[in-house]
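These are my notebook entries on one protein chain. I set down what I looked up, one topic at a time.

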Amino acid sequence: MCSVISRVKPVQRALALTLRLNPNTEGLSYSVAQNRRVYPGLSAGEQPLRVSSRSLCSRMALTDGLLFRQLFESESSTYTYLLADTETKEAVIIDPVLETIDRDLKLIHELGLNLKVAVNTHCHADHITSTGLMKRRLAGLKSAISKFSGASADILLSDEDEIAFGKHCLTVRETPGHTDGCITLVSGDQSMAFTGDALLIRGCGRTDFQQGCPKKLYHSVHQKIFTLPDQCLIYPAHDYLGQTVSTVSEERQFNRRLTKSLEEFVDIMNNLNLKKPAKIDIAVPANLVCGIHEV
């Protein structure tokens with residue numbers, strides 16, 4: 001079991017919760033997508049924002065001795081998360097993307113980290129994981145994914161499993177519904193939750209392919225994520241509107257889908273009428289052999 005990590009001071013938490021990505025920040029340029037793609041958390045009528053230069057976005061960790069970086073891949077609007085113990089330098093990466101492997105490995109090298117585990121929150125349909133290629137370039141790296149994903153990996157995860165790195169750990173919470181193999185990874189002190197596509201900021205992942213089920217997703221979020229502390233920070237696998245982080249309390253109050261009744265939620269999800277992701281026919285077969293696919 002990982003050690004229980006002391007809570008942060010109220011002032012530190014308040015500062016962290018006010019961090020938001022300002023669309024007018026110098027160096028970031030947004031433009032409305034001219035040819036709209038299919039995005040799992042975006043309803044009809046909403047336009048995704050394209051980020052031209054947001055390649056790396058760092059956040060201060062709320063836990064003593066924890067290094068935390070939030071990184072962004074613009075083509076699929078995917079967030080990759082890097083966490084490390086500042087003393088032992090052992091690290092974990094969440095949802096790495098093939099197109100940004102060089103950037104990620106460069107950062108890991110610059111920070112002097114020993115990457116132990118590369119974990120995917122589910123079998124992605126919109127991009128190919130970089131886990132397989134990353135394993136070839138980093139000796140000793142292990143891949144991990146849910147045992148219910150149908151994918152291959154060195155570590156097949158189950159509910160309440162822990163991924164340890166130094167004195168820290170991430171605890172697995174199974175949150176199926178977007179796919180059968182979706183997991184949420186919760187930090188040891190429950191100050192952060194990496195929700196994959198199960199819970200997005202003010203939205204959620206689609207449920208119309210890859211064993212998707214709106215009832216499962218609704219129960220997963222309400223029972224496994226909304227039961228976390230109010231101020232637990234929510235870090236999703238994607239965002240298409242320039243948002244970077246939310247909290248459990250915010251999503252309980254303001255999530256436009258998951259604040260509805262179960263019946264209303266099912267009706268919403270069954271009537272999104274989205275096109276399939278552009279890369280699904282390439283990404284899913286590659287990601288099913290997570291960690292060992294030929295690149």
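**Entry 1: the hairpin of strand 4 and strand 5**

I began with the hairpin of strand 4 and strand 5, where 4 residues lie between the strands and Ser-77 takes a positive phi near 55 degrees. I note here that the model is a predicted one. I then looked up the pairing: strand 4 and strand 5 (residues 78-85) are antiparallel, with 8 bridges. Within this pair, I found Leu-71 opposite Thr-80 of strand 5. I also checked how covered strand 4 (residues 66-73) is, and 7 of its 8 residues are buried.

**Entry 2: the chain as a whole**

I next recorded some totals. The chain contains 7 helices and 15 strands. It has 295 residues, of which 56% count as buried. I also looked at contacts with a separation of 6 or more, and 64% of these are between residues 24 or more positions apart.

Strand 12 (residues 183-187) and strand 13 (residues 192-196) run in the antiparallel sense, joined over 2 bridges. Leu-185 has Phe-194 in strand 13 as its bridge partner.

**Entry 3: Phe-165**

I then turned to Phe-165, which belongs to strand 10. Is Phe-165 buried or exposed? Its relative accessibility is 1%, and because buried means under 20%, Phe-165 counts as buried. I listed what Phe-165 touches, leaving aside residues up to four places away in sequence: Leu-66, Leu-83, Ala-84, Asp-85, Glu-90, Ala-91, Val-92 and Leu-170. I also looked up Thr-88, which is 77 residues from Phe-165 along the chain; their C-alpha atoms are separated by 8.3 Å.

**Entry 4: helix 4 and helix 6**

I looked next at two helices in contact. Two packed helices are described by the angle between their axes and the distance between the axes. For helix 4 (residues 214-225) and helix 6 (residues 262-269), the axes come within 9 Å and cross at roughly 130 degrees. Helix 4 is therefore oblique to helix 6. I recorded the crossing of helix 4 and helix 6 as right-handed.

Which residues meet there? From helix 4 I noted Pro-214, Lys-215, Leu-217, Tyr-218 and His-219, and from helix 6 Leu-262, Phe-265, Val-266 and Met-269. By type, the residues of this contact of helix 4 with helix 6 comprise 7 nonpolar, 1 polar and 1 charged.

I found Val-248 in helix 5. Its relative accessible area is 0%, so Val-248 is buried. Beyond residues up to four places away in sequence, Val-248 touches Ile-225, Phe-226, Leu-228, Pro-229, Asp-230, Cys-232 and Ile-234. The C-alpha atoms of Val-248 and Ile-225 are 7.3 Å apart, while 23 residues separate the two along the chain.

Asn-255 sits in the loop between helix 5 (248-254) and helix 6. I found Asn-255 buried, at 0% relative accessibility. With residues up to four places away in sequence not counted, Asn-255 touches Leu-199, Leu-200, Arg-202, Gly-203 and Glu-250. Asn-255 and Cys-204 are 51 residues apart along the chain, and their C-alpha atoms are separated by 8.6 Å.

Lys-89, in the loop between strand 5 and strand 6 (90-94), has a positive phi near 70 degrees and is not a glycine. Its relative accessible area is 33%, so Lys-89 is partly exposed. Gln-211, in the loop between strand 13 and helix 4, is not a glycine either and has a positive phi of about 60 degrees.

In helix 2 (residues 101-110) I noted as buried Ile-101, Arg-103, Asp-104, Leu-105, Leu-107 and Ile-108.

Terms used:
Residues numbered from 1 in each chain as written. Predicted model: local features only at pLDDT ≥ 70, side-chain atom pairs only at ≥ 80, totals over all residues. Heavy atoms only, no water. Buried < 20%, exposed > 50% of the residue type's maximum accessible area, 1.4 Å probe, protein only. Pairing = 2+ DSSP bridges. Axes fitted to C-alpha atoms, helices over the stretch in contact; angles between N-to-C directions. Parallel < 35°, antiparallel > 145°, perpendicular 65-115°, else oblique. Left-handed = near helix turned anticlockwise from the far one by under 90°. Contact = heavy atoms within 4.5 Å. Nonpolar A, V, L, I, M, F, W, Y, C, P; charged D, E, K, R; others polar.
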